[in-house]
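Reader: Hello! I would like a close look at a single part of this model, please.

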Amino acid sequence: AELNAKRPNSVLAVTADVSTENGNKQLVATARQFLSQNGGNGIDLFFANAGVGNGTLIETTSESDWNLAFNVNVHAHRWAAKYLIEEWLKTGRGYFCSTASAAGLLSQIGSMPYSMTKSAAVAFAESLAITYGDRGIRVSCLCPQGVNTNMLRQGDTPGAGIASDVVRSAATFSNLMKLRLSCLMPLSKKS
């Protein structure tokens with residue numbers, strides 16, 4: 001609201017259920033309509049950033065948790081691209097940025113659904129880049145490690161077993177790396 005007060009019609013908030021194809025279709029359509037008004041270019045950059053970190057081991061993870069992990073961590077990227085790609089191919093440009101995870105490159109202990117779906121998200125981004133890169137579509141895939149978010153901290157609960165230990169280890173490692181980097185590099189440039 002504050003930004004729209006300063007720059008009218010510059011921001012649009014959209015609530016969407018990205019765990020469904022229709023939610024992604026509506027998200028893309030709403031954003032496209034908003035960004036195309038007054039001669040705008042439509043969607044130049046789409047950032048697929050939603051993610052869930054549910055489930056643990058194969059014998060303890062429910063089918064509904066597996067389905068949710070695939071729907072949000074993989075299919076949401078695919079569904080969004082499905083509704084973006086036609087316009088981008090017509091204009092010869094577009095940028096799809098996907099947030100996967102370091103768990104998409106090296107499996108995360110204690111969370112099979114997360115590791116499996118984040119690996120699939122990385123593969124999807126690579127496939128998009130290979131398939132459409134020579135037609136003006138650019139793709140990036142971010143693979144951050146242990147970002148201090150509610151999703152990361154949810155594993156740090158009593159009774160969470162190995163997942164809790166992995167979260168604590170990742171957080172400790174991350175904090176040690178920050179400490180090490182702050183010792184090696186100044187936090188601000190001195191005049």
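In strand 3, which residue is the bridge partner of C97?

Author: In strand 3, C97 has S140 as its bridge partner. Before going on, a word on the ground rules: this is a predicted model, where local features need pLDDT of at least 70 and side-chain atom pairs count only at pLDDT 80 or more, while totals for chains, interfaces and linings use all residues. Residues are numbered from 1 along each chain as its sequence is written, and side-chain values use heavy atoms, with hydrogens and water left out.

Helices (H or I, at least four residues) and strands (E, at least two) are DSSP runs, numbered from the N terminus. Strand 2 covers residues 94-99, and six bridges pair it in the parallel sense with strand 3, residues 137-142; two strands pair if DSSP finds at least two bridges between them. Strand 2 also runs parallel to strand 1 (residues 45-48), joined by four bridges, and there F47 stands opposite C97. Five of the six residues in strand 2 are buried, meaning under 20% relative accessible area, with exposed over 50% and partly exposed in between (1.4 Å probe, protein chains only).

Strand 1, helix 3 (residues 63-91) and strand 2 form a right-handed β-α-β unit. From strand 2 the chain crosses through helix 4 to strand 3, again as a right-handed β-α-β crossover. Right-handed here means that, with the strands pointing away from the viewer, the path from the first strand over the helix to the second runs clockwise. Helix 4 spans residues 112-132, and its buried residues include Y114, K118, A121 and A125.

Note on methods. Expected span 1.5 Å × (residues − 1).
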